Amino acid sequence: MNKIRSICVYCGSSPGRDPIYKQSGKLLGQTIAEHGLELVYGGGTKGIMGAVADGVMSSGGKVTGIIPKFLMNKEATEHALGQLSELIVTEDMHERKHKMFERSDAFVTLPGGIGTVEEIVEIMTWAQLGRHRKPMVFANINGFWNPMLALIEHMKAEGFVHTSHLVNPLVVDKAENIVPAILNAAAHGNREGNEAIIERM
């Protein structure tokens with residue numbers, strides 16, 4: 001069995017229009033802590049990001065926030081950042097994403113915007129290239145990711161995802177089922193990739 005110690009969560013720094021997004025973020029955070037796992041995330045203390053971190057911390061779990069200097073006063077407050085178990089400040093987004101990858105054993109994407117899409121697409125790209133086999137999850141709260149999932153299937157059908165067997169993210173509709181799905185996926189197969197090659201990408 002491949003051990004899951006930490007879960008990276010990508011999500012919006014805004015709450016979105018439907019309250020269920022933040023509620024699901026907090027519930028996911030609580031579930032991460034209840035399973036004795038660590039949260040690795042983008043360091044934001046507002047919106048869905050803040051809800052996930054709050055869920056973990058309120059349940060006694062560990063939170064590592066990784067945030068670029070220029071976003072510290074946009075996506076967070078200094079006081080809230082001080083509550084995190086660990087804070088890593090990076091020079092730019094590229095360094096942030098690499099550190100998040102290095103620190104994480106699985107990836108979950110809650111509802112979010114363009115930045116959230118960019119983050120999970122990069123992780124799927126690395127999976128397609130055979131650089132890792134870490135579980136990837138679309139938290140499809142209220143069908144939020146249906147258009148994205150349809151696009152992925154369309155790209156596969158049109159022959160643009162050449163190693164589609166390596167790009168099979170889990171799709172989980174309810175926040176409370178995400179961690180169990182990751183632990184189940186990790187129990188089957190090798191999740192390791194060539195991180196030395198990722199470092200050159």
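Mentor: Helices here are DSSP runs of H or I with at least four residues, and strands are E runs of at least two, numbered from the N terminus. This is a predicted model. By that count the protein has eight helices and seven strands. Its radius of gyration is 16 Å, close to the 17 Å that the globule rule gives for 201 residues, so the protein is as compact as a globular protein of that length.

Now the salt bridges. The structure holds seven. Start with Lys-26 and Asp-54, whose side chains meet at 3.2 Å, N to O. Lys-26 sits in helix α1 (residues 19-34) and Asp-54 in helix α2 (residues 47-58), 28 residues apart. Lys-26 is partly exposed, at 33% relative accessible area. Asp-54 is partly exposed too, at 35%.

Next, Arg-103 pairs with Glu-86, with the closest N and O atoms 2.9 Å apart. This pair links helix α4 (residues 93-103), which holds Arg-103, to strand β4 (residues 86-90), which holds Glu-86; the two residues are 17 apart. Arg-103 is partly exposed at 35%. Glu-86 is partly exposed at 24%.

Helix α4 also supplies Lys-97, while Glu-122 lies in helix α5 (residues 114-128), so their pairing ties together parts 25 residues apart in sequence. Lys-97 has 14% relative accessibility and counts as buried, because the cut-off for buried is under 20%. Glu-122, at 22%, is partly exposed. Glu-118 joins in: salt bridges with shared partners connect Lys-97, Glu-118 and Glu-122 into one network.

Note on methods: Residues are numbered from 1 along each chain as its sequence is written. This is a predicted model: local features need pLDDT of at least 70, side-chain atom pairs count only at pLDDT 80 or more; totals for chains, interfaces and linings use all residues. Side-chain values use heavy atoms; hydrogens and water are left out. The radius of gyration is taken over C-alpha atoms; the globule rule is 2.2 Å times the number of residues to the power 0.38. A salt bridge is a side-chain nitrogen of Lys or Arg within 4 Å of a carboxyl oxygen of Asp or Glu. Buried means under 20% relative accessible area, exposed over 50%, partly exposed in between (1.4 Å probe, protein chains only).
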